[in-house]
Amino acid sequence: MAAEAPVDFAALQSLLKASSKDVVRQLCQESFSSSALGSKKLLDITCSSLSVTQEEADQLIRSLHRLTRLVAYRDLTAGEEILALFPENFHQNLKNLLTKIIMEHVPAWRKEAQANQISLPRLVDLDWRVDVKMASDSITRMAVPTCLLQMKIQEDASLCGDKPAISAVTMELSKETLDTMLDGLGRIRDQLSAVANK
Amino acid sequence: MEREMAADSQTPVEFTMEELCQPPLEAKSEVTNKLLDLQWKMGMAVSSDNCRSLKSPYVALMLKVADQSGQITNKSFEMTIPQFQHFFKQLKEMAAVIETV
């Protein structure tokens, strides 16, 4: 929610109890995700791998979540920018390790954040078929080419959590409608070329 | 059993993952919806609550679709530029095929 929420750096000290750098790396990754804050599983894993209390684990996850989200929000990619976030008296080695881990992950985190930001529904699949209509209840003989187009549209992932609804809309297009559609969409393509050439 | 497509219902049909892997479309006699209108816009996402600074272009489409009874539904969705290009390419393929039929 609030990308610039203050980070409780003291809580990060619990990471000093980690048995390896990989444990720290893993925790950083898990804490970034939007489901991290409610996750009992993550809380339990953190408690046991660092041998800390539930409360300490909770504060740690919260801080890591805020820190990683802050870096993704501001798109900090340079080491100095990330180091500058830490308070002066922070444990030097831990600071360097966290900075290194964060730098490695920022591009992937930004991608994830963008994929999960609010948006209109997204087209996830497109199927089509070309038919020739040969007869109907009103016309006994004809040979009319027609297209069937089916689009599968997925609702905004950020609204629906883990299982966003997918709905399908199927429509029949005449050749003329399809040509008109392509005309319109062709204009988008022209605009894109114009923008790309600037 | 094959799931009926949204031929006779007014609202789009929802699918589970299993159903999405079903064999292709069935066209019923009083078929399907007709496309009445297509509107589009191109935009650029510049900022969000997750990322302060973005430069992420997208294409948004709105399809106005009428079913057999005349009921009109609007379907809006957005695509990234690569997704749009793929979409456009598929429609062009369709147009090429329909020329030959």
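Partly exposed, in this tour, means a relative accessible area between the buried limit of under 20% and the exposed limit of over 50%. Keep those two cut-offs at hand. The model is predicted.

**Stop 1: A:K17**

Select A:K17. This lysine sits in the segment before α1 (21–32) of chain A. Its relative accessibility is 47%, so A:K17 counts as partly exposed.

**Stop 2: from α1 to α5 in chain A**

Move on to A:R25 and A:E104. Show their side chains. They meet in a salt bridge, 3.3 Å from N to O. A:R25 belongs to helix α1 of chain A and A:E104 to helix α5 of chain A, so the pair ties together parts 79 residues apart in sequence.

**Stop 3: α3 against α5**

Stay in chain A and colour two helices. Take α3, residues 54–74, and α5, residues 92–115. The two pack at an angle of about 60°, and their axes are 9 Å apart. That angle makes α3(A) oblique to α5(A). For reference, angles of 65 to 115 degrees would count as roughly perpendicular, and those under 35 as roughly parallel. Which hand does the crossing of α3(A) and α5(A) have? The crossing is right-handed.

**Stop 4: a pair within α3**

Zoom in on α3 of chain A. Select A:R62 and A:D58. Both lie in this helix, four residues apart, which is about one turn of the helix. Their side chains form a salt bridge at 3.4 Å, N to O. Check the exposure of each partner. A:R62 has 36% relative accessibility, so it counts as partly exposed. A:D58, with a relative accessible area of 28%, is also partly exposed.

**Stop 5: across to chain B**

Next, select A:K175 and B:E99. Their side chains meet in a salt bridge of 2.9 Å, N to O. This pair crosses between chains: A:K175 is in helix α7 (residues 175–196) of chain A, and B:E99 is in helix α2 of chain B. Are the two partners buried, partly exposed or exposed? A:K175 is partly exposed, with a relative accessible area of 23%. B:E99 counts as exposed, because its relative accessibility is 51%.

Keep salt bridges on display for one more selection: A:D22, A:R25, A:K100 and A:E104. Salt bridges that share partners join these residues into one network. Over all chains, the count comes to 14 salt bridges. Side chains of opposite charge can pair when their charged atoms come close.

**Stop 6: chain B as a whole**

Trace it from the N terminus. The elements run β-α-β-β-β-α. That gives two helices and four strands. Chain B has 101 residues, and 41% of them count as buried.

**Stop 7: a nonpolar patch**

Select A:V132, A:M134, B:V97 and B:V101. Together they make a nonpolar surface patch of about 330 Å². Finish on one of its members. B:V101 is placed in the segment after α2 (81–100) of chain B. At 47% relative accessibility, B:V101 counts as partly exposed.

Key
Residues numbered from 1 in each chain as written. Chains lettered and ligands numbered in written order. Predicted model: local features only at pLDDT ≥ 70, side-chain atom pairs only at ≥ 80, totals over all residues. Heavy atoms only, no water. Patch = residues over 30% accessible without salt bridge, like charges linked within 9 Å, V, L, I, M, F, W, Y side chains within 5 Å. Areas by Shrake-Rupley, 256 points an atom, 1.4 Å probe, with all protein chains shown as cover. Salt bridge = Lys/Arg side-chain N within 4 Å of Asp/Glu carboxyl O. Buried < 20%, exposed > 50% of the residue type's maximum accessible area, 1.4 Å probe, protein only. Axes fitted to C-alpha atoms, helices over the stretch in contact; angles between N-to-C directions. Parallel < 35°, antiparallel > 145°, perpendicular 65-115°, else oblique. Left-handed = near helix turned anticlockwise from the far one by under 90°.
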